[in-house]
Amino acid sequence: MKYTMYRFTFPVGVHLGGNSLYDSRNTFSADTFFSALFMEALKQGADRAEKLLEKAKKGDILFSDAFPFVGEENYLPKPMLPVESSDDSGDSTVKKAFKSLQFIPMEKMDVYLKGNLDAKAENDTLKELGRSVLKTSASIAGEDETVPYHVGVYYFNSSCGLSVIVGTNNAEDEKWIYNLIKALSFSGIGGKRSAGYGRFKIESNKELDGSYFEKEGGYYMSLTSALPMDEEWPELLTDAKYQLRKRGGFIASDSYAQEQRKKKDMYLFGSGSCFTKRFSGDVYDVSDGGSHPVYRYAKPIFYAL
């Protein structure tokens, strides 16, 4: 499989909310990305969307969560393994900085695992990623009074943004996914897209060294918020280091039901979770009584440690 890193910049900001409009996160999960691509494929025809679903379920196309980049530095999630700083100076701020890291430079993963990463420098670099802003907008319905509301928006600094890793099995799929991502860049990702938020530019798409993902042995870190199929659970949690994250949200479909409905909640292993064996995961139906299925992507890309 070929693994390509797509780097996105967001010139007008992005609303990646959580539980409220006030939230302004600076990353998104693979299921959010897949859902956006699926809706974009639907615009091209139901057969295009079905093709994406089938290839995703078979593992012919894989997606990671989105991770930050600052300049030339590409980051991955911090592995959920017990790693301590090798600094023996007794400086508590160094140890605190080491523990507070959320992301690790891809090229320095081995340095981090040995406890030799300059955590304070990396935390300072990540502070250059961007800033959260609470924007005030107005809602006007008919002749009612104007009602103000607040939206959390994240603005990335120059030369900063988010990267997503995409795995494909052949050149045809790679080209098709690139064109689908290109189409999505004009529609945008996240919330409040009608206000222009979430549109992005593909800053680059670069092939990665496949050995990071294909080599065997040791721990495998998931780069995706993922969930195993029922038959994959036996012995999966032996020596595993993981965190569960709840995924919910509303269904973005006008034809699903007369009123707005929520997707079924799911708990996924968060990106950065580490396992001693791989699993395939699946694309799950999280609909709840509506007129058509609603899918949540939960298939991992593993990074070998």
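Of the protein's 305 residues, 47% count as buried, meaning under 20% relative accessible area, with exposed over 50% and partly exposed in between (1.4 Å probe, protein chains only). This is a predicted model, where local features need pLDDT of at least 70, side-chain atom pairs count only at pLDDT 80 or more, and totals for chains, interfaces and linings use all residues. Residues are numbered from 1 along each chain as its sequence is written, and side-chain values use heavy atoms, leaving out hydrogens and water.

The secondary structure comes to seven helices and 15 strands; these are DSSP runs numbered from the N terminus, with helices (H or I) of at least four residues and strands (E) of at least two. Among contacts with a separation of 6 or more, 74% come from residues 24 or more positions apart, a contact being heavy atoms within 4.5 Å.

Let's turn to two helix pairs. Two packed helices are described by the angle between their axes and the distance between the axes. Axes are lines fitted to C-alpha atoms, for helices over the stretch in contact, and angles run from 0 to 180 degrees between N-to-C directions.

| Pair | Angle | Axis distance |
|---|---|---|
| H1 (residues 30-43) and H6 (residues 171-187) | about 95° | 9 Å |
| H2 (residues 46-58) and H6 | roughly 125° | within 13 Å |

On the H1 side, the contact with H6 includes Phe33, Ala36 and Leu37, and on the H6 side it includes Leu180 and Leu184. By class, this contact has eight nonpolar, one polar and two charged residues. For H2 with H6, the contact is made by Arg48, Lys51, Leu52 and Lys55 of H2 and Glu172, Asp173, Trp176, Ile177 and Leu180 of H6. That contact has four nonpolar, no polar and five charged residues. Nonpolar covers Ala, Val, Leu, Ile, Met, Phe, Trp, Tyr, Cys and Pro; charged covers Asp, Glu, Lys and Arg; the others, Gly among them, are polar.

Back to H1 itself. Its buried residues include Phe33, Phe34, Ala36 and Leu37. After H1 comes Gly45, with a positive phi near 130°.

Finally, Leu16 sits in the loop between strand E1 (2-9) and H1. Leu16 is buried, at a relative accessible area of 6%. The C-alpha atoms of Leu16 and Thr32 are separated by 9.7 Å, although the two are 16 residues apart along the chain.
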